[in-house]
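Please look over the model below before reading on.

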Amino acid sequence: MEVQSSNFPVHQIAGDTCIMPLSYLPPIEFYQIMLKYKNVVLDIHEHFHKQFYFNRCEIYGANGKLKLSVPVKKNRDRTPLKDASVSYDQNWRTIHWRSIQAAYRRSPFFEYYENEMAPIYLNHAPEKLIDWNLKLFELVNNLLGVEVRLSFTESYQKVYENAADYRNLNLPKLSGISALKEIQYQQVFQEKYGFIKNLSILDLLFCEGHYARQILLA
């Protein structure tokens with residue numbers, strides 16, 4: 001069933017809380033940070049920017065790093081993420097899924113998760129980008145065995161005084177430069193192009209499977 005943004009639970013900011021972006025198949029460091037907190041608040045009121053991870057992710061393809069972008073309908077300036085609408089003028093869902101298949105069909109765990117992820121790309125077509133992102137976020141959390149106390153912002157705030165703010169993880173040029181321990185694991189095309197850090201969580205999931213959560217917590 002499609003998630004309706006109007007029904008998102010709103011979180012009252014308290015201790016041991018982090019504010020995170022609602023990204024498309026977010027980078028690994030997103031999960032490294034998220035798992036350190038009891039309460040995770042996803043900001044759905046932040047202004048949408050096309051160059052952010054709101055509608056894009058990075059996987060490891062046969063020719064190196066591959067960027068996948070969800071087309072979004074033209075918005076007015078300073079449109080909140082919750083109002084950003086997905087465009088289906090192009091058959092991008094099939095393109096994304098075929099790219100994921102080509103990148104990870106040789107990975108150790110792709111066959112275990114393929115049948116759960118494929119229906120989203122083949123059949124799911126929500127109007128709003130947040131519903132698309134959240135559908136995949138919930139699936140990946142389930143496959144990782146990750147349980148988080150999840151809620152959503154009520155309005156946009158520039159500063160949060162009682163929560164750790166990690167919304168800058170959504171900006172690719174700042175992603176992967178934090179002081180977090182760099183996770184190392186064997187990637188599918190590592191022998192050709194070397195290890196590429198902080199790709200989409202899909203890379204770790206398909207390469208390490210049920211060990212991924214343990215690696216994230218190490």
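This is a predicted model: local features need pLDDT of at least 70, side-chain atom pairs count only at pLDDT 80 or more; totals for chains, interfaces and linings use all residues.

1. Residues are numbered from 1 along each chain as its sequence is written, and side-chain values use heavy atoms, with hydrogens and water left out.

2. An open sheet holds four strands, ordered β5-β2-β1-β6, with parallel pairing. Strands are DSSP runs of E, at least two residues, and helices are runs of H or I, at least four, numbered from the N terminus. Pairing takes at least two DSSP bridges. β5 (149-152) and β6 (164-165) are the edges; each has a single partner strand, so one side of each lacks a neighbour in the sheet.

3. Within the sheet, β1 (residues 17-21) and β2 (residues 39-43) run parallel, joined by five bridges. T17 sits opposite N39 of β2.

4. Helices α3 (residues 110-123) and α6 (residues 201-208) cross at roughly 130°, their axes coming within 8 Å. α3 is therefore oblique to α6. Axes are lines fitted to C-alpha atoms, over the stretch in contact for helices, with angles from 0 to 180 degrees between N-to-C directions. F110, Y113 and M117 of α3 meet L202, L205 and F206 of α6, contact being heavy atoms within 4.5 Å.

Definitions and conventions:
Angles under 35 degrees count as roughly parallel, over 145 as roughly antiparallel, 65 to 115 as roughly perpendicular and the rest as oblique.
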